[in-house]
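Work through the exercises below with the sequence and the model open. Try each task before reading its solution.

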Amino acid sequence: MTQPLALVVYEKLLPGSQLVNRLQDLKYRVRPVTDASLLVACARQEKPMIVLADVVSSSQDVCGAVARLKQDPQTRHIPVIAIAPEHAEETQEEARKAGATLVVSDAAVLNHLPQFLDQALQVE
């Protein structure tokens, strides 16, 4: 059986690489996306099971990329876990409005990743 693919959008190297490693430990194939503007094109081509996106960026509009992903007919079905700091309520709300399936804190994502994946992948 083929391992499921996760696209991971991140800018900060340490938490991003930790997330990639944790997903690989959970038997996911991982494709990092360092340029958020390429998210929709990458998702169309790669057909991931899930997208995890650190929505805090100093140079990119990650929430905008998530919104475009959720508006595209070919990619809107892909669940998105948005990662934002616990204290950043505005950023969390922006991620929800963009269409994120789940918004989680950067402090909790690594410790509870299996549960977050299960919750985001539940079919309604």
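## Exercises on loops, charges and pairs

Lys27 sits in the loop that joins α1 and β2 (29-33). Helices (H or I, at least four residues) and strands (E, at least two) are DSSP runs, numbered from the N terminus. The model is predicted: local features need pLDDT of at least 70, side-chain atom pairs count only at pLDDT 80 or more, and totals for chains, interfaces and linings use all residues. Residues are numbered from 1 along each chain as its sequence is written, and side-chain values use heavy atoms, with hydrogens and water left out.

**Exercise 1.** State the confidence of the chain, using pLDDT (the predictor's confidence in each residue, from 0 to 100).

*Solution.* Step one: the chain averages a pLDDT of 94, and 98% of the residues score at least 70. Step two: confidence is lowest in helix α1 (residues 13-25), with a mean of 91, and highest in α3, with 98.

**Exercise 2.** Describe the backbone and the exposure of Lys27.

*Solution.* Step one: Lys27 is not a glycine, yet its phi is positive, about 70 degrees. Step two: Lys27 counts as exposed because its relative accessible area is 55%. The classes are buried (under 20% relative accessible area), exposed (over 50%) and partly exposed (in between), with a 1.4 Å probe and protein chains only.

**Exercise 3.** How many salt bridges does a search of the whole structure find? Describe the one formed by Lys12.

*Solution.* Step one: a salt bridge is a side-chain nitrogen of Lys or Arg within 4 Å of a carboxyl oxygen of Asp or Glu. Step two: the search finds four. Step three: Lys12 pairs with Asp54, and their closest N and O atoms are 2.9 Å apart. This pair links distant parts of the chain, with Lys12 in the loop between β1 (5-9) and α1 and Asp54 in strand β3, 42 residues apart. Step four: Lys12 is partly exposed at 35%, whereas Asp54 is buried at 12%.

**Exercise 4.** Where do Arg96 and Glu93 lie, and what do their side chains form?

*Solution.* Step one: both residues lie in helix α4 (residues 89-98), three residues apart, about one turn of the helix.
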